[in-house]
Amino acid sequence: MKIAVIGQSLFGQEVYCHLRKEGHEVVGVFTVPDKDGKADPLGLEAEKDGVPVFKYSRWRAKGQALPDVVAKYQALGAELNVLPFCSQFIPMEIISAPRHGSIIYHPSLLPRHRGASAINWTLIHGDKKGGFSIFWADDGLDTGDLLLQKECEVLPDDTVSTLYNRFL
């Protein structure tokens with residue numbers, strides 16, 4: 001399947017590598033611009049593989065998708081968008097463009113902890129169960145229809161790192 005990955009960080013890099021390992025064709029990676037001269041790990045990994053990398057600080061202006069960004073995205077012919085750790089609001093023109101839509105990974109059992117720092121909030125609230133949700137992207141913040149959820153026990157001595165590395 002032809003996939004566009006829209007995300008960032010080590011998690012985005014791990015998802016990208018897993019998709020390629022499973023035989024999917026990543027046709028493009030969209031990530032954040034370099035910060036202090038340092039490229040995002042997801043973009044670096046894709047560049048090593050010769051996959052086109054796009055670094056946009058924004059996808060729209062005044063509520064409208066930027067036409068040049070949309071055109072570059074559409075030229076890739078993605079059949080599915082995968083958004084691992086996507087901190088940007090992506091226009092619906094991009095979200096709804098692929099034949100199979102767009103899916104997002106979120107490190108919580110939605111709807112409990114929407115938005116940023118979901119693992120942190122799981123721990124701060126003393127939740128006994130944590131997990132992840134994969135859902136269809138829509139125009140809200142972590143509000144799309146659920147595709148899959150998996151849960152795990154949160155151990156008394158868990159940290160963000162241990163919970164993430166053990167299960168998420």
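Residue numbers start from 1 along each chain as its sequence is written. Since the model is predicted, local features need pLDDT of at least 70 and side-chain atom pairs count only at pLDDT 80 or more, while totals for chains, interfaces and linings use all residues, and side-chain values rest on heavy atoms, with hydrogens and water left out.

Starting with the overall picture, the protein chain has six helices and nine strands (DSSP runs numbered from the N terminus, with helices being H or I of at least four residues and strands E of at least two). The C-alpha trace spans about 50 × 35 × 30 Å along its principal axes. A compact globule of 168 residues would have a radius of gyration near 15 Å, and the 16 Å of the protein chain agrees with that; the radius is taken over C-alpha atoms, and the globule rule is 2.2 Å times the number of residues to the power 0.38. Buried residues make up 46% of the 168 residues, where buried means under 20% relative accessible area, exposed over 50%, and partly exposed in between (1.4 Å probe, protein chains only). As for contacts (heavy atoms within 4.5 Å), of those with a separation of 6 or more, 56% are between residues 24 or more positions apart.

The UniProt record, an unreviewed entry, places the feature "domain: Formyl transferase N-terminal" at residues 1–167; its positions are given in the numbering used here, feature names are shortened, and annotations may be inferred rather than shown by experiment. That span is 28% helix and 27% strand, and its end C-alpha atoms lie 26 Å apart.

Next come the pockets. Rolling a probe the size of a water molecule over the atoms shows where empty space is left. On a 1 Å grid over the protein atoms alone, a cavity is a set of points where a 1.4 Å probe fits but cannot get out, whereas a pocket is an open set with protein on both sides within 12 Å along at least five of seven lines; lining residues have an atom within 4 Å of a point. Grid points are joined across faces, edges and corners, and a volume is the space filled by probe spheres set on the points.

The largest pocket holds about 840 Å³ of space. Its lining counts 32 residues, with F85, C86, S87, Y105 and H106 nearest the centre. Two or more lining residues come from each of α1 (9–21), α4 (92–95), β7 (102–106) and α5 (118–124), and α1 gives the largest share, four residues. Sorted by class, this lining has 19 nonpolar, eight polar and five charged residues; here Ala, Val, Leu, Ile, Met, Phe, Trp, Tyr, Cys and Pro count as nonpolar, Asp, Glu, Lys and Arg as charged, and the others, Gly among them, as polar.

The second largest pocket comes in at about 290 Å³. It has 16 lining residues, and V15, H18, L19, V82 and I103 sit nearest its centre. At least two residues each are supplied by α1, β6 (80–84), β7 and β8 (129–136).

L83 touches I6, I90, I95, S102, I103, I104 and Y105, leaving out residues up to four places away in sequence. With Y105 the C-alpha separation is 6.7 Å, for 22 residues along the chain.

On the backbone side, the peptide bond from L110 to P111 is cis, with omega near 10 degrees, and P111 lies in the loop between β7 and α5. S9 lies in helix α1 and is buried, at 16% relative accessible area. D36 lies in the loop between β2 (25–31) and α2 (41–48) and is exposed, at 77%.

K128 belongs to the loop between α5 and β8 and is exposed at 65% relative accessibility. Neighbours within four places aside, K128 contacts C152, E153 and V154. Finally, Y164 in helix α6 (residues 160–166) touches F11, E14 and I119, not counting residues up to four places away. Y164 and P107 are 57 residues apart in sequence, with 8.3 Å between their C-alpha atoms.
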